[in-house]
Amino acid sequence: MSKVVVVTGAGAGIGRSTALEFARAGWDVALLSRDPGRLESAAEEVRSFGVRALPVPTDVADAAAVEAAAERAEAELGPIDAWVNVAMATVFAPVSELTPEEVLRATQVTYLGQVHGIMSALRRMRARDRGTIVSVGSALAHRAIPLQAAYCGAKFATRGFIDSLRSELIHDGSKVHVTTVDLPACNTPQFDWSMNKMGRKAQPVEPIYQPEVAARAILYAAMHRRRQVWVGLPTVATIVADRIAPGLVDRYLADAGYKGQLTEEKRAADAPANLFEPVPGPYGAHGRFDDRQPRTAGWEVFTSRQRDAFWLGVLATAAVGVSALARRLRR
């Protein structure tokens, strides 16, 4: 019997690439996203792998709509084995230029959208005492950057919510597994359709990865019991640098965080923004940065086990250095 996965944000970008990666591995896929036409296009791609696809137009900010989508997925495809939360929304603007409505909406999609997915999945998985919930995060869930305060805040909040849930599942002896996948910058359409008040087109901070790299890591996380998966060396470097010297990172990002996220190309005043309404069009998994030769391979997955070994190595090295310094001082 085929396994069943629900993927939010499945119409384009990493969500779409993830839906295709699960289909390639033989999973039946329920696809959740706002734009019906683009969602049906993604479902057709999924079906090309010989699996079932169920497109369900859904705004993940609406808890009732997410719950209804979960009910339909189980009714038409079967018990949900994995739920992958990918949907997100952001605004490229300094905090001084944000409105309360924009912050609220970005939070509803990026944070509460994950919460709604987790709760709907959990209602079903706890009863069966099995299943995996994958929260797709970012290096920006650990180190916030300028011009994306609403998005970063939502990602930080998601991490806190999931940490609480993990402890509760351990307390209850539950076999339901929750994992997070933190990603580097990827070549997706979000840089064309996210709300942008900077007057210049947005871009991912290099090095750029293709969405297929993220999708492979997400599938890996769904099939292996890892607490966390960090994808790409830039993600590891960002998180580690912030833990070692956050003040220096603040100063570095005060300049690089602006330059790295904006091109020199002007953004049209009437350019589309998908914060409140979906942007129509034939968007797929990839954005406009294929000519940058984004990374498709390399050091892709840094799991929680590897991370723990890394930190033990760092601490051991530091201990040896401190011990050696102490011996010199005693001479």
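# Strands, loops and a pocket

Student: Which residue in β4 is the bridge partner of Val 6?
Tutor: This is a predicted model. Strand β1 covers residues 4-8 and runs parallel to β4, with 3 bridges joining the two. In one of the pairings, Val 6 in β1 has as its partner in β4 Trp 83.

Student: On the β6 side, which residue stands opposite Val 84?
Tutor: Strand β6 spans residues 132-138. It pairs with β4 in the parallel sense, over 4 bridges. Opposite Val 84 stands Val 134.

Student: In strand β4, which residues point the other way from Ala 82 and Val 84?
Tutor: In a regular strand, side chains alternate between the two faces of the sheet. Strand β4 covers residues 82-85, and all of them are buried. Ala 82 and Val 84 point one way; the other way point Trp 83 and Asn 85.

Student: Is Gln 203 buried or exposed?
Tutor: Gln 203 sits in the loop between β9 and α7. Its relative accessibility is 12%. Buried means under 20%. So Gln 203 counts as buried.

Student: Which two residues does the cis peptide bond join?
Tutor: Most peptide bonds are trans. Here omega is about 0°. The bond joins Glu 206 and Pro 207.

Student: Asp 129 and Leu 147 have a positive phi; how does the burial of each come out?
Tutor: Most residues other than glycine have a negative phi. Asp 129, in the loop between α4 and β6, has a phi of about 60° and a relative accessible area of 31%, so it is partly exposed. Leu 147, in the loop between β6 and α5, has a phi of about 75°. Its relative accessible area is 3%, so Leu 147 is buried.

Student: Which element gives the largest share of the lining of the second largest pocket?
Tutor: About 160 Å³ of space lies in this pocket. Two elements give two or more residues to its lining, α5 and β7. The lining divides into 4 nonpolar, 2 polar and 3 charged residues. The largest share, 3 residues, comes from α5.

Note on methods
Residues numbered from 1 in each chain as written. Predicted model: local features only at pLDDT ≥ 70, side-chain atom pairs only at ≥ 80, totals over all residues. Heavy atoms only, no water. Buried < 20%, exposed > 50% of the residue type's maximum accessible area, 1.4 Å probe, protein only. Pairing = 2+ DSSP bridges. 1 Å grid on protein atoms, 1.4 Å probe; cavity = no way out; pocket = protein on both sides within 12 Å on 5 of 7 lines; lining within 4 Å. Points joined across faces, edges and corners; volume = space filled by probe spheres on them. Nonpolar A, V, L, I, M, F, W, Y, C, P; charged D, E, K, R; others polar.
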